[in-house]
Structure formats: structure tokens, C-alpha cells
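Walk through this fold one piece at a time. Keep the sequence and the model side by side as you read.

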Amino acid sequence: MKNDQMLTRRGALFAAAAALGAAGAAGTAGALLSGSGSPARPAAAAAPAAGPPARSALGPSAYRLRPLAGAGPGEPGPGPARVRHEPVMRVSGRGRSMLLTFDDGPDPRYTPQILDTLARYDVRATFFVCGEMADWNRNLLVRMADEGHVVGNHTWSHPLLTRLGRGRIRSEIERTSDLVEGTCGERPLWFRAPYGAWNRAAFQLGAECGMEPLAWTVDSLDWTTPGTGTVVDNVESGAAPGVIVLSHDAGGNRSQTVRALRTYLPRLLDDGYHLTVPRRAYL
């Protein structure tokens with residue numbers, strides 16, 4: 001497995017990505033309708049469910065997305081996805097809908113445990129996979145799709161896209177989409193730039209490949225391995241309708257992520273949250 005080598009390479013890029021991202025503007029590119037996962041507990045109705053008031057979202061963190069937007073609005077691109085100049089950072093849906101997302105996998109040490117927990121509570125999530133990890137673990141891609149999760153594109157080798165030319169960016173995106181399609185039967189509809197570092201080329205090429213750019217609202221900070229309790233606190237304090245939570249199932253030791261999910265997932269369901277997956281309203 002190349003997982004440990006990937007961690008070493010990525011660690012050096014986090015600081016650079018955060019500095020680049022801080023120069024961009026944060027915001028939403030518009031809310032898209034959420035799909036209907038099937039929570040094991042009573043789901044929220046069309047109107048917000050009764051229960052504890054929604055918690056406010058977390059404040060900015062070094063790893064939270066600050067999109068590097070190109071100048072001016074994007075032009076319509078081929079296929080169903082239009083070129084955006086900001087990624088989607090929140091979703092809309094019934095009641096207290098939220099999205100759980102996991103990046104960098106699949107990793108056979110942690111992804112199966114995450115899938116097991118999601119299955120226990122009948123919750124769907126979104127997995128942004130790296131092609132070089134997925135190529136080694138195609139059985140996990142199949143399991144994700146079979147269990148109703150969304151498989152998104154997180155490039156092939158997790159590079160900082162803002163340092164690459166258009167040809168290399170296209171190759172990183174297309175190779176992963178080809179692999180997902182060849183394994184699961186469908187091409188990804190969602191794309192997430194590594195490190196949350198976007199530029200005009202990333203938006204354009206993602207749209208040309210038929211994908212919408214999906215970012216996040218709340219960073220669990222699991223990539224810093226701060227302790228299981230801290231990861232739980234970050235997710236629970238950031239929970240609110242429309243929130244997209246960022247976590248990781250690969251790229252390092254993700255045992256804290258696995259344990260944290262087992263703790264906060266039933267609590268979110270008890271609080272009336274509907275954990276679901278993104279849907280493109282116009283499809």
C-alpha cells in the first residue's frame with residue numbers, strides 16, 4: 001500500500017494549500033437538493049423537526065476551504081454540469097439534512113470500519129476517492145456503490161491542483177473518473193479538489209467531465225489526529241441544517257475518525273438530523 005507514502009507527501013502540502021486558500025473568497029455556489037438516505041431513526045419531516053436547536057457551524061480553520069476563484073463568472077460547459085467559480089459548500093433538503101463526506105480513500109484498514117458503522121445506522125455518505133488508492137481497493141468501491149453511498153472524484157494522486165497545468169489536472173480527474181466508471185458502472189457526478197485548493201482550471205475541467213464541485217462547511221480536523229474526543233466535538237458543535245462535514249478514511253492513521261463516527265453518528269440521529277447524500281436538482 002502507498003498510504004504511508006501519501007501521508008508524508010501530503011503533510012508538506014497542507015501549509016502551502018492553506019496559505020493559497022486564504023487568498024480566495026469563501027462562500028457557497030448555491031445549494032443543491034439533498035437525496036434521501038434512509039436513517040434508522042425517525043427522519044425529519046418536510047418542515048424542520050422538533051428537538052434541540054441547531055448548533056452553529058464551526059469557525060474557519062486552516063484546512064477549511066477558501067476557494068481560489070477565477071475572475072468573472074464561469075461559462076457554460078459541456079454536459080450537465082455548469083462551470084462554477086465557487087464550489088458548493090452547503091446543501092438544502094428536508095428538515096435537518098446534513099452530509100458526511102470522507103476523503104482520500106479507500107483504505108482497507110479504515111474504510112470497511114466506516115462502512116460498517118454507516119450500515120449499522122442505515123446512513124449514506126459521500127466518499128471522495130483517490131484513483132491510486134481505489135485502484136488497489138476496487139472491492140471497496142463496489143461495496144460503497146452497492147450500499148448506496150456516493151463515490152466522488154478526488155483526483156488520482158492527490159496533488160495540489162493550483163501548481164499543475166491543465167493537461168495534468170485533466171489527467172488526474174479523468175483517470176479517476178474512468179476507474180470509478182469501470183468499477184462501479186457510473187462516472188462520478190461530484191468532484192473535490194485536494195486540500196480544498198481550487199482555481200479556474202479545476203472548475204472548468206471538472207465541469208467538462210460532468211461533475212459539480214463539492215466542498216465542505218465543517219472540518220472535523222481528523223487529519224491533525226487531535227484525539228477522538230476532539231473530532232467528536234468538532235462535528236457535533238458544527239452540526240446544523242445544510243452542513244457538509246469533512247472527514248478522512250485514508251491518508252494517515254484514521255483510527256480516531258473510525259471511533260469518532262461511532263460516537264457522533266447516533267447522537268446526530270437522536271438530535272433529529274437526516275444524514276444523506278447530495279443530489280443534483282436538475283437531473
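Start with helix H6, residues 200–208, where Ala201, Ala202, Phe203, Leu205, Gly206 and Ala207 are buried. This is a predicted model, so read every value as computed from it. What lies over the buried residues of H6? The cover includes H5, strand E6 (190–191) and strand E7 (212–213). Just after H6 comes glycine 210, which takes a positive phi of about 80 degrees.

Now step back to the whole chain. The protein chain has eight helices and ten strands. Of its 283 residues, 55% are buried.

Next, look at how helices pack. Two packed helices are described by the angle between their axes and the distance between the axes. Take H2 (residues 111–120) and H4 (residues 138–146). Their axes come within 11 Å and cross at roughly 15 degrees. Angles under 35 degrees count as roughly parallel, and H2 and H4 are therefore roughly parallel to each other. The crossing of H2 past H4 is left-handed. On the H2 side, the contact is made by Thr111, Pro112, Leu115 and Asp116; on the H4 side, by Leu140, Arg143 and Met144. By class, this contact of H2 with H4 has four nonpolar, one polar and two charged residues.

H4 also packs on helix H5 (residues 166–184). Here the angle is about 70 degrees, and the axes are 9 Å apart. That makes H4 roughly perpendicular to H5. H4 passes H5 in a right-handed crossing. Which residues meet? From H4 come Arg138, Leu141, Val142 and Ala145, and from H5 come Leu179, Thr183 and Cys184. This contact of H4 with H5 divides into five nonpolar residues, one polar and one charged.

Turn to the nonpolar interior. In soluble globular proteins, nonpolar side chains tend to be buried together. The largest nonpolar core here holds 36 residues. Within it, Leu100, Leu118, Phe127, Tyr264, Leu265 and Leu275 touch the most other members. Which elements give two or more residues to this core? They are strand E3 (97–103), H2, strand E4 (126–129), H4, H5, helix H7 (228–238) and helix H8 (255–270). The largest share, seven residues, comes from H8.

Leaving out residues up to four places away in sequence, Tyrosine 264 touches Leu100, Phe102, Val232, Val235, Glu236 and Ser247. A second, separate core has 15 residues, including Val83, Leu161, Ala193 and Ala202. Ala202 is also one of the buried residues of H6, where this tour began.

Finish in helix H8, at glutamine 256. Is glutamine 256 buried or exposed? Buried means under 20% relative accessible area. At 16% relative accessibility, glutamine 256 therefore counts as buried. Which residues does glutamine 256 touch, not counting those up to four places away in sequence? They are Thr225, Pro226, Gly227, Thr228 and Val231.

Note on methods: Residues are numbered from 1 along each chain as its sequence is written. Side-chain values use heavy atoms; hydrogens and water are left out. Axes are lines fitted to C-alpha atoms, for helices over the stretch in contact, and angles run from 0 to 180 degrees between N-to-C directions. Helices (H or I, at least four residues) and strands (E, at least two) are DSSP runs, numbered from the N terminus. Angles under 35 degrees count as roughly parallel, over 145 as roughly antiparallel, 65 to 115 as roughly perpendicular and the rest as oblique. A crossing is left-handed if the near helix is turned anticlockwise from the far one by less than a right angle, and right-handed if clockwise. Contact means heavy atoms within 4.5 Å. Ala, Val, Leu, Ile, Met, Phe, Trp, Tyr, Cys and Pro count as nonpolar, Asp, Glu, Lys and Arg as charged, and the others, Gly among them, as polar. A nonpolar core is a set of buried Ala, Val, Leu, Ile, Met, Phe, Trp, Tyr and Cys residues joined through side-chain atoms within 4.5 Å. Buried means under 20% relative accessible area, exposed over 50%, partly exposed in between (1.4 Å probe, protein chains only).
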